[in-house]
Amino acid sequence: MKIIFTIVLALFYCVTPLGYQRAAQAPKQENSRSKKAQHYACPMHPEVTSAKPGKCPKCGMRLRLVKEDVSAEPASKTPGVDGADANSLSSMRIPDVRVYDQNGRQLNFYNDLVKDKTVAINFIFTTCTTICPPLTATFRKVQEKLAEQALPVQLISISVDPTTDTPERLHDFAAKFKAGPGWTFVTGDKTEIDSLLAALGAAVANKNDHTPMILVGNDRAAFWNRAYGLASPTILVNLISDAANKK
Ligand SMILES: [Cu+2]
């Protein structure tokens, strides 16, 4: 019994420093007591935290409740977006992994879809019943507005569930949302897709935890930005045309 207690205690001390590291990113006025209190953080901008619910000033996304009591929850419960802040985006390297589009065509992700282009990337899975349908419907409206402005932008939807999402499934999903030419749905070998998601700061342990984040980039200008994928299509089109105009 004593041994078990010792192991539990040892585990606790192993986990605790992680929690303190996370808490260290929170505002400095929080003392050690309030680390166990709840705060709100932007899922896309982890550095944006607040004691009260509200919206992220950077992207307009609703702040999510974060519980800092790390002893109660395993560390793996924290979202996978940590560390992928705006600074890491400017130097972001997009891996040239082998992927497949909704027509079963084999592509090299960077060379075929991103290189020298302005792109908007979102993350979906076809069996999602929560944010993916509105996210995809928003992308469709963005595509229509971009066409009106004659802005050549490559839209990309990457499956976070590549094992289920075959090219055929993605094809049906694309048809359901009336995706036009220039919008590529991406799946592939799970290992390759996972490395791609990690590089884009979109890796999640559980596909249901994925955030409605959109990556907007202009490869030629090495400019990358994140946006809230459920923002109004007009806001998103403005962000995309800003990116397209970067030199
Ligand atoms: Cu979803």
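Contact here means that heavy atoms lie within 4.5 Å of each other, and the model to which this is applied is a predicted one.

Phenylalanine 125 sits in the loop between E6 and H4, and it counts as buried because its relative accessibility is 2%, where the cut-off for buried is under 20%. When neighbours within four places in sequence are left aside, phenylalanine 125 is in contact with Cys132, Ser159, Val160, Asp161, Asp165, Lys207, Asn208 and His210. Phenylalanine 125 and threonine 164, 39 residues apart in sequence, have their C-alpha atoms 8.4 Å apart in space.

## The copper site

The copper ion is coordinated by the SG atoms of Cys128 and Cys132 and by NE2 of His210, at 2.0 to 2.2 Å, and the spacing of these donor residues in sequence is C-x3-C-x77-H. Cysteine 128 counts as buried at 7% relative accessibility, as does cysteine 132 at 0%. Two of the copper donors, Cys132 and His210, are also among the contacts of phenylalanine 125.

## Helix H4

Helix H4 covers residues 132–148, and its 17 residues reach 24 Å from the first C-alpha to the last, close to the 24 Å expected at 1.5 Å a residue. Its buried residues are Cys132, Leu135, Thr136, Thr138, Phe139, Val142, Gln143 and Leu146; seen down the axis of H4, these fall within an arc of 155 degrees, so they line one face of the helix.

The cover over the buried residues of H4 includes strands E6, E7, E8 and E9 together with helices H5 and H7. Just after H4, alanine 150 adopts a positive phi of about 55 degrees.

Note on methods. Residues numbered from 1 in each chain as written. Predicted model: local features only at pLDDT ≥ 70, side-chain atom pairs only at ≥ 80, totals over all residues. Heavy atoms only, no water. Helix = DSSP H or I, 4+ residues; strand = E, 2+ residues; numbered from the N terminus. Expected span 1.5 Å × (residues − 1). Buried < 20%, exposed > 50% of the residue type's maximum accessible area, 1.4 Å probe, protein only. Arc of directions from axis to C-beta. Donors = N, O, S within 2.8 Å, 3.2 Å for Na, K, Ca; no water.
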